[in-house]
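Please keep the sequence and the coordinates open while you read.

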Amino acid sequence: MVGTAIEFYDNYCYSIAAASYFGAIFFANVTDPVLAQIMAFTTFAVSLLARPFGSMLFGHFGDKMGRKKTLVIALLTMGIATFLVGCLPGYEQVGGASIIILCVCRACQGVGLAGEWSGAALVATENAPKEKRALYGSFPNLGAPIGFFCAYGLNFLLTTHLGQAQMGAWGWRIPFLASVVLVAIGLYVRARMSETPVFRQASEQHRTSKHPLHNLLPYWKEVVLGTLAMGITYTLFYVLGTWSLSYGVRGLGFQQSEYLLLQMVSVVFFAIFIVVSCIYADKVGRKKVLFVVTAATFVFSFFTPFLLVHSASHVLIFLCLGFVLMGGLFGPCGAYLPELFPVSVRYSGAGLSYNLAAIFGGAFAPTIAQALVNSKFGITGVGCYMAVMAAVALLALFLIRESKDKDYTL
């Protein structure tokens with residue numbers, strides 16, 4: 001949980017900066033502010049496009065050498081890249097080179113985060129009792145709301161005390177530079193972590209894979225279904241956490257600090273319902289919980305135009321309900337994605353599904369949402385977009401088998 005909280009903190013710091021500052025800093029040559037914002041959101045997508053490569057890289061070594069070593073390297077990769085973003089010059093200093101370097105750093109963030117989540121989920125679930133595997137799997141996922149709260153909380157404090165002008169000039173760098181302290185804490189924790197008993201047993205019985213990616217090929221259906229089922233989770237999150245911040249400030253007229261505060265309040269529901277959904281997933285099964293929550297997300301999507309208006313109460317309802325659903329979707333994935341695969345290719349399979357879903361559901365979610373708002377569809381288009389993603393996820397979940405009673409040592 002500590003490690004994933006740090007990784008997600010790094011990712012969310014970038015989300016806030018892309019939504020608020022990077023359009024003016026790295027695309028200063030673009031005269032249309034709306035186009036500059038769309039281009040800033042496109043750099044956000046670079047991380048998610050890089051994630052499958054990270055999942056294949058870390059999955060290969062995680063299935064071959066173990067979970068612990070790969071988690072340490074993943075944390076370092078993400079931490080160094082985040083720190084360097086805080087040091088970058090803008091377009092006015094070095095021109096287009098600043099965008100290239102930013103995209104390289106963002107890609108490294110994606111590679112690190114790709115290796116992080118799947119390894120952390122396996123460390124949690126492969127140490128879990130059979131009847132509490134989803135609950136144990138909720139702990140790495142709790143790193144998401146904790147990282148969110150830390151990133152948005154720090155940006156809220158900085159925005160309140162510095163103001164938008166100073167934040168745009170230099171204050172945006174502070175959250176990125178501060179991540180070096182968190183990474184040091186994470187490495188201290190990771191260095192004292194032991195290898196999972198499930199992997200140790202498989203290694204002693206010579207059931208680990210020398211070529212995990214090759215051995216993953218027979219499980220391509222599981223990868224596809226896991227990707228499609230997980231897609232709405234990413235879409236919902238990046239609409240709530242990234243795009244809505246930009247829309248709330250520029251489109252609805254909220255102050256940056258006001259909207260950040262609304263998001264910080266609502267993310268508490270995200271954390272609570274991660275745990276709640278996992279408790280029920282252990283009782284009644286992963287598939288039932290996910291099917292109900294995904295169906296509720298489909299219905300929720302059509303209320304988007306009525307809730308995203310210039311009213312703090314309406315927006316708070318939108319964010320709180322959205323994050324309740326997000327918690328219900330995100331919580332059980334720490335168990336159901338790894339359970340789709342045998343131990344020999346579990347790191348590779350779960351990681352690849354999770355990170356392909358990042359591209360399918362999240363990579364361009366802020367860009368698509370912004371483009372829809374600027375089109376004839378308006379805010380209604382954003383709701384329809386989320387509904388389509390939820391419908392695809394429902395179809396995939398219908399085809400996925402229940403796995404709560406699976407023998408996890410095989």
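The numbered points below take up the charged residues, the nonpolar cores and a few individual positions in turn.

1. As a caution that applies to every point here, this is a predicted model, and the values below are computed from its atoms.

2. The salt bridges come first, and a search of the whole structure finds 5 of them. One joins Glu339 to Arg133, with the closest N and O atoms 2.8 Å apart. This pair links distant parts of the chain, since Glu339 sits in the loop between helix 16 (333–336) and helix 17 whereas Arg133 belongs to helix 7 (residues 133–171), 206 residues apart. Both Glu339 and Arg133 are buried.

3. A further salt bridge is formed by Asp282 and Arg286, whose closest N and O atoms are 3.2 Å apart. Asp282 has a relative accessibility of 14% and therefore counts as buried, and Arg286, at 2% relative accessibility, counts as buried too. Through salt bridges that share partners, Arg133, Asp282, Arg286 and Glu339 are joined into one network.

4. Asp405 and Lys404 also meet through their side chains in a salt bridge, at 3.6 Å from N to O. Asp405 has a relative accessible area of 55%, so this residue is classed as exposed.

5. Which buried residue has no salt bridge, although its side chain is charged? It is Arg106, for which the nearest side chain of opposite charge, that of Asp10, is 9.1 Å away. Arg106 lies in helix 6 (residues 97–125), and its side chain makes polar contacts with the side chains of Asn11, at 3.0 Å, and of Gln109, at 2.9 Å. Not counting residues up to four places away in sequence, Arg106 touches Asn11, Tyr14, Thr43, Phe44, Val46, Ser47 and Leu48.

6. Glu116 likewise lies in helix 6, and this residue is buried, with a relative accessible area of 0%. When residues up to four places away in sequence are set aside, Glu116 touches Gly3, Thr4, Glu7, Leu71, Ala74 and Arg190.

7. On the nonpolar side, the largest core has 106 residues, and those with the most contacts inside it are Phe22, Trp243 and Phe330. Helix 11 (residues 220–251) gives the most to this core, with 14 residues. Leaving aside neighbours within four places in sequence, Trp243 is in contact with a set of residues that includes Phe41, Tyr238, Leu308, Pro366, Ile379 and Val382. There is also a second, separate core of 11 residues, among them Ala50, Leu71, Val111 and Tyr408.

8. Finally, Phe61 deserves a look in helix 3 (residues 33–65), where it lies. The C-alpha atoms of Phe61 and Cys108, which are 47 residues apart along the chain, are separated by 17 Å.

Definitions and conventions:
Residues are numbered from 1 along each chain as its sequence is written. This is a predicted model: local features need pLDDT of at least 70, side-chain atom pairs count only at pLDDT 80 or more; totals for chains, interfaces and linings use all residues. Side-chain values use heavy atoms; hydrogens and water are left out. Helices (H or I, at least four residues) and strands (E, at least two) are DSSP runs, numbered from the N terminus. Buried means under 20% relative accessible area, exposed over 50%, partly exposed in between (1.4 Å probe, protein chains only). Lys and Arg count as positive and Asp and Glu as negative; His and the chain ends are not counted. A salt bridge is a side-chain nitrogen of Lys or Arg within 4 Å of a carboxyl oxygen of Asp or Glu. A polar contact is a pair of N or O atoms within 3.5 Å; within protein, one must be able to donate a hydrogen and the other to accept it, and residues adjacent in sequence count only if both atoms are side-chain atoms. Contact means heavy atoms within 4.5 Å. A nonpolar core is a set of buried Ala, Val, Leu, Ile, Met, Phe, Trp, Tyr and Cys residues joined through side-chain atoms within 4.5 Å.
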